[in-house]
Amino acid sequence: MVDDNPLRAAVDTAWCVYRARHRNVDAADGRRCLLERHLQGRREARGSNGDPQELAAFGLAYLERLSDEEC
């Protein structure tokens, strides 16, 4: 689970936009967990909390690259 506010905001924003673009994706879809892990790793690799808007953009791009088989 995502603990801190900037990361949580980034995950929530990316997930909301992704679901708006892909209306057939359920709120409980496994891609959200993958998104959280991806953004957590990206934030840790950068060594900072990161900008929530920048992280959300990275997260959205990540979700768009996922294939249905990865979920």
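**Figure 1. Overview of the protein chain.** Buried residues (under 20% relative accessible area, with exposed meaning over 50% and partly exposed in between, for a 1.4 Å probe and protein chains only) account for 32% of the 71 residues in the protein chain. The model is predicted, so to speak of local features requires pLDDT of at least 70 and side-chain atom pairs count only at pLDDT 80 or more, whereas totals for chains, interfaces and linings use all residues. Residues are numbered from 1 along each chain as its sequence is written, and side-chain values use heavy atoms, with hydrogens and water left out. The order of elements from the N terminus is α-α-α. Of the contacts (heavy atoms within 4.5 Å) between residues at least 6 apart in sequence, 61% join residues at least 24 apart.

**Figure 2. Packing of helix α1 against helix α2.** Two packed helices are described by the angle between their axes and the distance between the axes. For α1 and α2 the angle is about 140° and the axes lie 10 Å apart; axes are lines fitted to C-alpha atoms, for helices over the stretch in contact, and angles run from 0 to 180 degrees between N-to-C directions. The two helices α1 and α2 are therefore oblique to each other (angles under 35 degrees count as roughly parallel, over 145 as roughly antiparallel, 65 to 115 as roughly perpendicular and the rest as oblique). Their crossing is right-handed, meaning that the near helix is turned clockwise from the far one by less than a right angle. From α1, the residues L7, A10, V11, D12, A14, W15 and Y18 take part in the contact, and from α2, R31, R32, L35, E36, L39, Q40 and R43. By class, this contact of α1 with α2 has 8 nonpolar, 1 polar and 5 charged residues (Ala, Val, Leu, Ile, Met, Phe, Trp, Tyr, Cys and Pro count as nonpolar, Asp, Glu, Lys and Arg as charged, and the others, Gly among them, as polar).

**Figure 3. Packing of helix α2 against helix α3.** Helix α2 (residues 31-46) packs on helix α3 (residues 52-65) at an angle of about 130°, their axes being 10 Å apart. This makes α2 oblique to α3. The crossing of α2 past α3 is right-handed. In α2, the residues R31, L34, L35, H38, L39, R42 and R46 meet E54, L55, F58, G59, Y62 and L63 of α3. The contact of α2 with α3 divides into 7 nonpolar, 2 polar and 4 charged residues.

**Figure 4. Salt-bridge network of D12, R32 and E36.** Salt bridges (a side-chain nitrogen of Lys or Arg within 4 Å of a carboxyl oxygen of Asp or Glu) link D12, R32 and E36 in a network. The side chains of D12 and R32 form a salt bridge at 2.5 Å, N to O. This pair joins distant parts of the chain, with D12 in helix α1 (residues 5-21) and R32 in helix α2, 20 residues apart. D12 is partly exposed, at a relative accessible area of 34%. R32 also bridges to E36, their closest N and O atoms being 3.4 Å apart. Within helix α2, R32 and E36 are 4 residues apart, about one turn of the helix, and both R32 and E36 are buried.

**Figure 5. Salt bridge between R31 and D29.** The structure holds 5 salt bridges, including one in which the side chains of R31 and D29 meet at 2.7 Å, N to O. R31 is buried, with a relative accessible area of 10%.
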